[in-house]
Amino acid sequence: MARMATETRAILYGFWLSSCSWRVRAALHLKDISYVERSVDIVNKRSQLTDEYRVINPSQKVPALIIDGATIIESMAILQYLEDTRPKPSLMPRTPILRARMREICETVVSGIQPLQNVGLLSHFDSTDQYKNFTKYWTERGLYSLEDLLQKSSGQFCIENQLSMADLCLVPQLYNAVTRHKLSLDKFPTISKVYETLLEEKTFSETHPENIKQKDM
Ligand SMILES: N[C@@H](CCC(=O)N[C@@H](CS)C(=O)NCC(=O)O)C(=O)O
């Protein structure tokens, strides 16, 4: 009797342009977890709003990760689960104060920038220009804050010289700010330096949206 094919790898529901999906993709790569990505087109088809996808992710956003027989939504919950179940290499700095520094950076991106830059907001503005001015304002405020935070905590990476959740949050958001929203990082020398270094890391080069876009097409 033919055996039914079952997917034993993790399944990431994401989208190439989504910063929150890139956070998770980078963590899966860093921890060497085998996965397959299923594209949910949040821009043109707006597939996140279908009843079918709602069963997977009730918030109707990406990402969602199916792993170890569970479906997990919210990128930071996913990162923490991966860290708890596959602790090496660790995404957490070694001391409580450095972990607090890491969370400051994560929150600045995850709560202070991303929700105000989310493509899902676009249809709620009278014009694209209005949306762009809004996102530019909040992104720049976040960048000023991140510049100060990184001046205190960074080495090669956001927190000294160890990759952490902070880097996983920072890189995708900066990529969006620079490419999609055409913001300049000239006023933010520490952010620029750390960002350039991080883009060279395999964790980010191999999970880069441009690579995922090729596969989606
Ligand atoms: N807090 C959520 C945010 C998820 C989120 O906003 N995802 C965006 C892409 S980065 C999305 O799916 N946007 C489509 C929409 O809002 O309709 C997380 O971290 O997973």
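Buried area is the accessible area that two parts lose on being put together, summed over both. This is a predicted model.

Q: What makes domain 1 and domain 2 count as two parts here, and how far apart are their centres?
A: The chain is divided into domain 1 (10-89 + 205-216) and domain 2 (96-201). Those bounds come from an automatic or database domain assignment. Their centres, taken over C-alpha atoms, are separated by 19 Å. The contact takes 20 residues from domain 1 and 21 residues from domain 2.

Q: How much area is buried between domain 1 and domain 2, and which atoms give 68% of that area?
A: About 1,600 Å² is buried between the two domains. Carbon and sulfur atoms give 68% of that. On the domain 1 side, Trp 22, Arg 23 and Met 76 lose the most area to domain 2. Together they make up 32% of what that side buries.

Q: How many salt bridges are counted between domain 1 and domain 2?
A: The count between these domains is 0. The structure as a whole holds 6 salt bridges.

Q: Why is the pair Glu 37 and Arg 25 called a salt bridge?
A: Side chains of opposite charge can pair when their charged atoms come close. The cut-off is a Lys or Arg side-chain nitrogen within 4 Å of an Asp or Glu carboxyl oxygen. For Glu 37 and Arg 25 the N to O distance is 2.8 Å, so the pair qualifies. Glu 37 lies in strand S2 (residues 35-39) and Arg 25 in helix H1 (residues 19-30). The two residues are 12 residues apart.

Q: Why is helix H6 called roughly perpendicular to helix H8?
A: H6 (residues 128-153) and H8 (residues 189-200) pack at an angle of about 75°. Angles of 65 to 115 degrees count as roughly perpendicular, so H6 and H8 get that name. Their axes are 8 Å apart.

Q: What makes the backbone at Pro 63, Pro 89 and Gln 60 stand out?
A: Most residues other than glycine have a negative phi, and most peptide bonds are trans. The bond from Val 62 to Pro 63 is cis, with omega near 10°. Lys 88 and Pro 89 are also joined by a cis bond, with omega about -10°. Gln 60 is not a glycine, yet its phi is positive, about 55°.

Q: Where are Pro 63 and Pro 89 placed?
A: Pro 63 is in the loop between helix H2 (51-56) and strand S3 (64-67). Gln 60 is placed in the loop between H2 and S3 too. Pro 89 is in the loop between helix H3 (75-85) and helix H4 (96-110).

Definitions and conventions. Residues numbered from 1 in each chain as written. Predicted model: local features only at pLDDT ≥ 70, side-chain atom pairs only at ≥ 80, totals over all residues. Heavy atoms only, no water. Axes fitted to C-alpha atoms, helices over the stretch in contact; angles between N-to-C directions. Helix = DSSP H or I, 4+ residues; strand = E, 2+ residues; numbered from the N terminus. Parallel < 35°, antiparallel > 145°, perpendicular 65-115°, else oblique. Contact = heavy atoms within 4.5 Å. Buried area = accessible area lost by both parts, 1.4 Å probe.
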